[in-house]
Amino acid sequence: MKIQVPLEAPKLKKNESQLPPILKKEDKTIFQNYLLDASNFKGDGNSLFFVHSESQISQVLKETSARKEPLTIQGALTGLTGAAVPEKGAILTLEKLNNYSEIILRGTDTSAFVEPGVLLKDFQDYAESKGLFYTPDPTERSAWIGGTVATNASGARSYKYGATRPHVKSLRLVLSSGEVLVLKRGQYIVSSNDEIYLERLDQTTSSFKIPSYCMPPIKHAAGYYVTDKMDLIDLIIGSEGTLGVISEVELNLIPLPEKFVSLMIFFENEDDVLKCVREAKSKTNARALEYFDSFSLDFIRGKFKRIPEQANSALFVEEEITDGSEDRVLESWFELMEIYRAIIDQSWVGTTREKHEEMIAFRHEVPVVINEIMSRRGFRKIATDMAVPDEALEEMMLYYRMTINEVGLQAATFGHIGNNHLHVNLMPKSQKEFDVALELYKKWMKKVIDLKGTVSAEHGIGKIKVPYLEMMYGEEAIKEMIQIKKAFDPDCVLGRGTLFREELLE
């Protein structure tokens with residue numbers, strides 16, 4: 001079936017004439033901070049644009065596209081894959097687009113329209129001040145909303161609520177031509193046999209078909225989203241700045257949960273954690289299940305003195321409660337703790353915001369300390385972002401442990417065990433160890449793919465993991481993705497080096 005999707009001219013803000021003009025900086029010494037992301041991926045570029053509106057985005061895109069100049073879209077640079085860091089060409093930062101509307105009520109639906117430069121933490125706090133809840137919770141709350149949508153960011157609460165994708169109700173996307181694609185959830189449902197035509201303002205069209213490859217049915221953030229009978233808006237979410245520039249999103253909000261309980265459960269035996277998690281998935285309504293191994297605990301014992309000396313691993317839990325359910329929920333968890341031999345008398349339980357913030361600080365401190373150690377060593381850590389199906393979790397964890405011991409590298413494992421998605425951080429101390437870590441990482445990728453898993457569950461592919469996307473899907477599937485990109489961005493100027501090898505774009 002042929003599906004026609006019209007493009008629009010950019011909209012003007014009410015105060016457009018009073019906005020500052022587009023600012024362009026070409027002195028590289030001024031914008032060095034825009035050439036490095038949180039993974040320490042270093043890039044290069046020749047200019048930096050600051051814009052204040054959708055129409056200014058459109059103007060920059062038309063000018064750079066006319067020169068066929070590569071353009072990288074940039075958010076808060078909290079990413080871990082290099083997607084927002086250019087290797088050449090211009091940078092478009094969205095930091096000046098940082099407004100959001102008042103909460104909008106439509107019957108039982110609640111939403112807000114948000115510009116891409118809005119800080120995630122600010123928006124979450126704003127929603128909570130209105131008695132509402134924006135459920136996606138990427139660990140890095142200093143990310144910007146646009147970046148979280150571009151990467152389909154997730155976090156601990158994705159165990160219950162999913163990643164960013166299902167919480168986006170509409171968006172506006174500025175294409176490299178300067179035209180705007182406006183998508184609302186439910187507006188265009190497309191299948192694998194459909195051909196989608198983008199109808200441009202000059203009456204020409206570009207078209208693409210939904211690819212034939214299949215995504216793993218797990219937490220997944222690798223390549224363009226594709227399913228049969230999919231919503232077209234979902235193709236844009238997670239496309240990592242390769243199809244266009246998100247200028248505005250409408251985000252879904254739900255009533256703020258009444259209360260929730262937080263637990264930090266310590267164990268002497270790692271195998272007991274796995275058994276506890278397996279049963280918790282079927283017997284509780286947790287919104288987060290997070291794991292920490294013995295090395296993770298060792299890194300932060302100096303700051304968190306209450307970690308039991310005999311603790312070998314830990315499980316962080318959040319579950320929503322009401323006044324009527326608190327006792328029942330706690331009883332369920334204490335029963336699991338007893339069955340699976342947790343260190344009950346020294347585990348932490350909290351129902352107040354203060355106690356919760358202490359446990360969140362614990363959770364966030366682990367990667368912070370690891371990053372500080374690696375910064376002092378002068379090497380980049382090698383960290384996994386892979387996930388596997390439920391039935392493969394224990395096999396994959398055993399494989400991680402066995403292969404790390406074989407090569408003798410320092411490593412710490414923590415993360416989203418509820419989604420079978422752990423971050424194994426290899427911490428090399430020398431160039432030789434870094435090379436060994438990289439080879440081990442490749443070995444893990446192959447194992448994950450054999451187990452029907454994904455090479456990226458939440459961080460995306462960016463530039464760092466381009467070879468692994470092709471390893472997972474094969475070159476033909478990558479070419480199908482590129483056909484989509486060329487329909488949106490015919491000269492392939494946006495996000496060069498992200499997702500795809502340069503030679504495949506030619």
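**Exercise 1.** Which element supplies the largest share of the lining of the second largest pocket?

*Solution.* The model is predicted: local features need pLDDT of at least 70, side-chain atom pairs count only at pLDDT 80 or more, and totals for chains, interfaces and linings use all residues. Residues are numbered from 1 along each chain as its sequence is written, and side-chain values use heavy atoms, with hydrogens and water left out.

Step 1. A pocket is an open set of points on a 1 Å grid over the protein atoms alone, where a 1.4 Å probe fits, with protein on both sides within 12 Å along at least five of seven lines; lining residues have an atom within 4 Å of a point.

Step 2. For the second largest pocket there are 28 lining residues, with E128, R157, R353, H356 and E357 nearest its centre.

Step 3. At least two lining residues come from each of α2 (120-129), β16 (259-267) and α9 (353-377); helices (H or I, at least four residues) and strands (E, at least two) are DSSP runs, numbered from the N terminus. The largest share, 6 residues, belongs to α9.

**Exercise 2.** Describe the open sheet that contains β12.

*Solution.* Step 1. The order of the 3 strands is β1-β12-β13, with mixed pairing; two strands pair if DSSP finds at least two bridges between them.

Step 2. β1 (2-6) and β13 (205-209) are the edge strands, each pairing on one side only.

Step 3. Strand β12 (residues 195-199) runs antiparallel to β13, and 5 bridges join them. Within this pair, Y197 has S207 of β13 as its bridge partner.
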